[in-house]
Amino acid sequence: MSRYDFDDFNSFDDLPGLRVKHTAIDLEKLGDKQISTMLFRLIGKLSRFYPIDKSSLAIYDEASNHLHLSHIYRNRSISSGMTLTIPVNRGTLHQVLKQGYPVADNFPDRFSESIIEKKLLLSQETMSLLVVPLSANGIRMGLLNLSSPKPSAFGIYLDGVGTQIVENFSAELADKILITASTVSILNR
């Protein structure tokens, strides 16, 4: 067996001979009214800094490699109860999830080639967009998507304005929907 320096790898996923079973998402809890309340509070807090006219919450299920869009905020109300499943093997949302960094875009009509993603993220009034990867304890959980009728509305998010609010939401969401069943096993080679 070869020896490896752990500093040569970014995560357990990169280590030869290891198979990682990641923490799973409890998809049945996505329709829970408590998540709608949590999202509504989050939008309220972020609205102190940003003029938000539309938002959506997409949860990543690594087992199926899909994003599950479970909540949409529009016109000061949240719609939930029906979950739209989006394969993440292509598309701009997948790229943002994979890179793990928020993206603020001042040309939202060019943000994605996908008609489905555009319908989910944008309204007719959208002039700027923010897509924030959600994570807790190193686990990618999904995306928070925000749109605004104001140009350049989300530039200050990249400077840290409101990031702690989103991090607190991610932790609270993780407590609600994550099933803590991660295991690491060594493959015989």
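Guide: We will look at aromatic pairs, a helix, a hairpin and a proline in this predicted model.

Visitor: What describes a pair of aromatic rings?

Guide: A pair of aromatic rings is described by how far apart the centres are and by the angle of the planes. In this model the count comes to four aromatic pairs. One of them is formed by Phe40 and Tyr73, a tilted pair with 6.2 Å centre to centre and 55° between the planes.

Visitor: Which parts does the pair of Phe40 and Tyr73 tie together?

Guide: Phe40 lies in helix H1 (residues 33-46) and Tyr73 in strand S4 (residues 66-74), so this pair ties together parts that are 33 residues apart in sequence.

Visitor: Are Phe40 and Tyr73 buried or exposed?

Guide: Phe40 is partly exposed, with a relative accessible area of 42%. Tyr73 has a relative accessible area of 8%, which means that Tyr73 is buried, as the cut-off is under 20%.

Visitor: What sort of pair do Tyr50 and Phe154 form?

Guide: Tyr50 and Phe154 form a tilted pair, with 5.4 Å centre to centre and 40° between the planes. Tyr50 sits in the loop between H1 and strand S3 (54-61), while Phe154 sits in the loop between strand S9 (139-148) and helix H4 (163-177), 104 residues apart. Both Tyr50 and Phe154 are buried. Together with Phe49 and Tyr157, they form one aromatic cluster.

Visitor: Now the helix, please. Which residues of H4 are buried?

Guide: The general idea comes first: an α-helix has 3.6 residues a turn, so residues three or four places apart point the same way. In H4, the buried residues include Ile165, Val166, Phe169, Ser170, Leu173 and Ile177. H4 has 15 residues and reaches 21 Å from its first C-alpha to its last, close to the 21 Å expected at 1.5 Å a residue.

Visitor: How many bridges join S3 to S4?

Guide: Eight bridges join these two strands, and S3 and S4 run antiparallel. Leu57 stands opposite His71 in S4. The two strands form a hairpin with four residues between them, and Asn65 in the turn has a positive phi of about 55°.

Visitor: Lastly, where is Pro108 found?

Guide: Look in the loop between strand S7 (103-105) and helix H3 (115-121). Pro108 counts as buried, at 6% relative accessibility. Leaving aside residues up to four places away in sequence, Pro108 touches Leu122, Thr126, Met127, Ser128 and Leu129. The C-alpha atoms of Pro108 and Pro151 are separated by 9.9 Å, and these two prolines are 43 residues apart along the chain.

Definitions and conventions. Residues numbered from 1 in each chain as written. Predicted model: local features only at pLDDT ≥ 70, side-chain atom pairs only at ≥ 80, totals over all residues. Heavy atoms only, no water. Phe/Tyr/Trp six-rings, centres within 6.5 Å; stacked < 30°, edge-to-face > 60°. Buried < 20%, exposed > 50% of the residue type's maximum accessible area, 1.4 Å probe, protein only. Expected span 1.5 Å × (residues − 1). Contact = heavy atoms within 4.5 Å. Pairing = 2+ DSSP bridges.
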